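Here is a short report on one structure. Have the sequence and the model side by side as you read.

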Amino acid sequence: MKASLLLQTALRHFALKRYEGASLQEILQDVGIKKPSIYAHYRGKDELFLSAMTYALDTQKLHLATYFISTRHLSLEQSLKGFFDWFLEESTQNDQLKFILRIAYFPPVKLEREVTDLINPFFDSLHRHLTRLLRERDRTEQLLFSDDYASAALAYLTVTEGTMTEFVYNGVEAYQRRFTAVWPIFWRGLVR
């Protein structure tokens, strides 16, 4: 079976149509396999959904890390601030991110616990990564107000999540207004 293609196709369908609107038959048709083939690997739509979510989270975690690695040549402010533009572009072009955003804010009721159990470790991992990033960058730039890097990383995640929520519920313009309002205040509180 075309496992990777199946997961990518499933997450695209779930991102566009949500769990409830996505049809297992349409997913299988797009991949070019028959229904019996899927049951050799998944017990049904629920398991395929959770596997697609795990795949999306793992893929996106690497993608996020790649963003921060690729911006190491920039100042910390440029890197952290640039993430918001990167996120906006990615949220329109990246199926994994579209899927994660939709599911994080609108999980299927019947799988809410399972979704939460996958999302929380994802955000915990981001928190750890950002904590390390802030510690490393402060060693070279020496500009952060405090050496409580875990709290600074959590504050950054809170700002990003707040703007993401605005994007999900109210669109690009509201996202940009919220970011424009919060960034200068956040940055002044973070640096000496």
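## What covers helix α6

The buried residues of α6 are covered by several elements, including α1 (3–21), α4 (45–70), α5 (76–93), α7 (112–141) and α8 (149–170). Covering here rests on contact, meaning heavy atoms within 4.5 Å. Helices are DSSP runs (H or I, at least four residues), numbered from the N terminus.

This is a predicted model: local features need pLDDT of at least 70, side-chain atom pairs count only at pLDDT 80 or more, and totals for chains, interfaces and linings use all residues. Residues are numbered from 1 along each chain as its sequence is written, and side-chain values use heavy atoms, with hydrogens and water left out.

## Inside α6

Helix α6 spans residues 95–105. Its buried residues are Q96, L97, F99, I100, L101, I103 and Y105. Buried means under 20% relative accessible area, exposed over 50%, and partly exposed in between (1.4 Å probe, protein chains only).

Look at the start of α6. There, a side-chain oxygen of N94 comes to within 2.8 Å of the backbone nitrogen of Q96.

## H13 in α1

H13 lies in helix α1. H13 counts as buried because its relative accessibility is 7%. Beyond its neighbours within four places in sequence, H13 contacts R18, A22, E26, I27 and D30.

The side chains of H13 and D30 are also joined by a polar contact of 2.6 Å. A polar contact is a pair of N or O atoms within 3.5 Å; within protein, one must be able to donate a hydrogen and the other to accept it, and residues adjacent in sequence count only if both atoms are side-chain atoms.

## I69 in α4

I69 belongs to helix α4. I69 is exposed, at 52% relative accessible area. From I69 to S79 is 10 residues in sequence and 9.5 Å in space, C-alpha to C-alpha.

Conventions:
Helices (H or I, at least four residues) and strands (E, at least two) are DSSP runs, numbered from the N terminus.
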